[in-house]
Protein chains: 2
Amino acid sequence: MSACFPVKLPEPPYYAVIFPSVRTNEDETGYSAMAEAMVERAARQPGFLGIESVRDPQGHGITVSYWTDEESIRAWKNDTAHSEARKHGRETWYADFALRVAKVERAYGL
Amino acid sequence: MSACFPVKLPEPPYYAVIFPSVRTNEDETGYSAMAEAMVERAARQPGFLGIESVRDPQGHGITVSYWTDEESIRAWKNDTAHSEARKHGRETWYADFALRVAKVERAYGL
């Protein structure tokens, strides 16, 4: 996986999963470890193209992951370790979040 | 405009403009004033649905704005004040950025 920010991606079309979230103050150590593990695991999935993730000191974060197609997003959603991580997220780490699946139609750079 | 994070949006479909950026170290005062003015101005445009914006202490930011349709995005791109702000952005404020226009097809919450 590329560590570039913004991440380098192929020409559209491809898919984006937009994930804005608000952290609780709970379990920073456990959260950080799991977040890092999930990025590494996502990067090994078929159809993964890249990820961009930012969190500010107030705990507001936006993560956008990019995928070749909807089937890859569905498979990642059904991944067992990822599902377990999401369960912890809902119960402990996130005060709020949204998840939006979008088809990228056009893209530009600087 | 709603100050909620994540922002409250209608049911899909709608459009998202995903804007990851890296700030230079130049002109924090001018940048902050312009960023705030542009969010306020965007919120008054036809078709604007909401915006989420996060920047981390390293200067990596992700802003996602949401719009009812592509025509609204095109009109905002052609707005004179916005075009002027983008020019300053390319010349001074941003070391790098990408802009991705995507159609949101599905959305979930906590």
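What share of the 110 residues in chain A is buried? Buried residues make up 29% of them. Here buried means 20 or more other C-beta atoms within 10 Å of the residue's own, exposed means 12 or fewer, and partly exposed is in between, with C-beta atoms placed from the backbone.

Some ground rules. This is a predicted model, where local features need pLDDT of at least 70, side-chain atom pairs count only at pLDDT 80 or more, and totals for chains, interfaces and linings use all residues. Residues are numbered from 1 along each chain as its sequence is written, while chains are lettered from A and ligands numbered from 1 in the order in which they are written.

Let's start with the fold of chain A. It has three helices and four strands. The order from the N terminus is β-α-β-β-α-α-β. Along the principal axes, the C-alpha atoms fill a box of roughly 40 × 30 × 20 Å.

Now contacts. Two residues are in contact if their C-beta atoms, placed from the backbone, lie within 7 Å. Take the contacts in chain A with a separation of 6 or more: 80% of them join residues 24 or more positions apart.

One helix deserves a look. Helix α3 of chain A covers residues 80–93, 14 residues in total. From first C-alpha to last it reaches 18 Å, close to the 20 Å expected at 1.5 Å a residue. The expected span is 1.5 Å times one less than the number of residues. How many of the 14 residues of α3(A) are buried? The number is one, so α3(A) lies largely in the open.

Next, strands. Strand β1 of chain A, residues 14–23, pairs with β4(A) in the antiparallel sense over eight bridges. Pairing means that DSSP finds at least two bridges between two strands. Within that pair, A16(A) has A102(A) as its bridge partner in β4(A).

V17(A) also sits in β1 of chain A. It counts as partly exposed, with 19 C-beta neighbours inside 10 Å. Setting aside neighbours within four places in sequence, V17(A) is in contact with V64(A), S65(A), W67(A), I73(A), L99(A) and V101(A). G30(A) is another matter: V17(A) and G30(A) are 13 residues apart in sequence, yet 23 Å apart in space, C-alpha to C-alpha.

On to the dimer. Chain B can be laid on chain A by a turn of 180° and a shift of 0.0 Å along the axis, with an RMSD of 0.0 Å. The two copies are thus related as by a two-fold rotation axis. The superposition is by least squares on the C-alpha atoms of residues with pLDDT of at least 70 in both copies.

What does the interface look like? 32 residues of chain B are in contact with 32 residues of chain A. On the side of chain B that touches chain A, the elements giving two or more residues are β1 (14–23), β2 (48–55), β3 (60–67) and β4 (94–109) of chain B. β4(B) gives the most, with 15 residues. By class, that side has 20 nonpolar, three polar and nine charged residues. Nonpolar here is Ala, Val, Leu, Ile, Met, Phe, Trp, Tyr, Cys and Pro; charged is Asp, Glu, Lys and Arg; the others, Gly among them, are polar. And 100% of the interface residues of chain B are also interface residues in chain A, so the copies meet through the same surface.

The strands cross that boundary. β4 of chain A, residues 94–109, pairs with β4(B) in the antiparallel sense over 11 bridges. L99(A) has Y108(B) as its bridge partner. V101(A) stands opposite R106(B).

Most residues other than glycine have a negative phi, and most peptide bonds are trans. The bond from F5(A) to P6(A) is cis, with omega near -10°, and P6(A) is in the segment before β1 of chain A. In chain B, the bond from P12(B) to P13(B) is cis, with omega near 10°. D27(A) is not a glycine, yet its phi is positive, near 55°. D27(A) lies in the loop between β1 and α1 (28–43) of chain A, and is partly exposed, with 14 other C-beta atoms within 10 Å.
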